[in-house]
Amino acid sequence: FVFPIIILLLGNAFLNIEFNRIKYFKKNLVKYINEKDNIFLENKEINFIQRAKDLIRSEECIQLYTYDSILLYLLKKPNCSKYYFLRSIGTEESQKILINEMKKTNVIISNGVTDNWSIIPFEKRYPILDKYIKNNYTKVNDIDGRDILILNN
């Protein structure tokens with residue numbers, strides 16, 4: 001009985017917990033859910049989203065070659081394949097499946113913010129897919145470090 005009280009007191013002292021916020025949790029949650037996306041983004045991301053939306057407006061779908069899967073939500077576009085989360089591709093077979101599904105993909109977004117979080121670079125982690133993209137797509141735009149690639153004609 002004493003131990004939880006000590007933990008609460010120490011937590012409050014060191015973590016600056018404000019128990020008063022608990023009673024406003026529901027109100028704050030509703031407020032955050034209804035906020036526009038831009039309030040949670042840095043200027044660099046806002047700029048990318050605004051400029052990329054103009055470039056991909058006519059596309060039915062896009063393919064990500066980045067770990068930044070939140071871009072699909074922010075750009076309001078579906079992924080062209082079932083592999084919207086690139087980390088789920090772990091085998092040569094899944095790379096080949098993705099390449100087959102990409103036949104209808106005109107636009108790829110690559111070089112996301114989180115791509116450098118992995119020790120293994122994309123060209124080594126996804127050698128078959130990387131080669132396919134380099135041979136079939138051309139970079140047409142670089143927006144704050146993110147690349148937009150289009151299918152070669």
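In which sense do strand β3 (residues 137–143) and β4 pair, and over how many bridges? The two strands pair in the antiparallel sense over six bridges, as the first of these close-up views of a predicted model sets out.

In this predicted model, local features need pLDDT of at least 70 and side-chain atom pairs count only at pLDDT 80 or more, while totals for chains, interfaces and linings use all residues. Residues are numbered from 1 along each chain as its sequence is written, and side-chain values use heavy atoms, with hydrogens and water left out.

**View A. The hairpin of β3 and β4.** Strands are DSSP runs of E with at least two residues, helices are runs of H or I with at least four residues, and both are numbered from the N terminus; two strands pair if DSSP finds at least two bridges between them. The hairpin has two residues between its strands, and D144 takes a positive phi near 55 degrees. I143 has R146 in β4 as its bridge partner.

**View B. Strand β2 beside β4, with S110.** Strand β4 (residues 146–151) also pairs with β2, in the antiparallel sense and over four bridges, and within this pairing I108 stands opposite L149 of β4. S110 lies in strand β2 (residues 107–110) and, because its relative accessibility is 6%, counts as buried (buried means under 20% relative accessible area, exposed over 50% and partly exposed in between, with a 1.4 Å probe and protein chains only). Leaving aside residues up to four places away in sequence, S110 touches Y65, T66, R146, D147 and L149, where contact means heavy atoms within 4.5 Å.

**View C. The disulfide of C61 and C80.** The structure holds one disulfide, defined as a pair of cysteine sulfur atoms within 2.5 Å, and it joins C61 to C80 with an S to S distance of 1.9 Å. This pair links distant parts of the chain, 19 residues apart, with C61 in the loop between α3 (43–56) and β1 (63–65) and C80 in the loop between α4 (70–75) and α5. The link of C61 and C80 is right-handed, with 100 degrees about the S-S bond, and both cysteines are buried.

**View D. Helix α5 against helix α7.** The axes of α5 (residues 92–101) and α7 (residues 127–136) come within 8 Å and cross at roughly 25 degrees, so α5 is roughly parallel to α7. Axes are lines fitted to C-alpha atoms, for helices over the stretch in contact, with angles running from 0 to 180 degrees between N-to-C directions; angles under 35 degrees count as roughly parallel, over 145 as roughly antiparallel, 65 to 115 as roughly perpendicular and the rest as oblique. E92, Q95, K96, L98 and I99 in α5 meet P127, I128, L129 and Y132 in α7.
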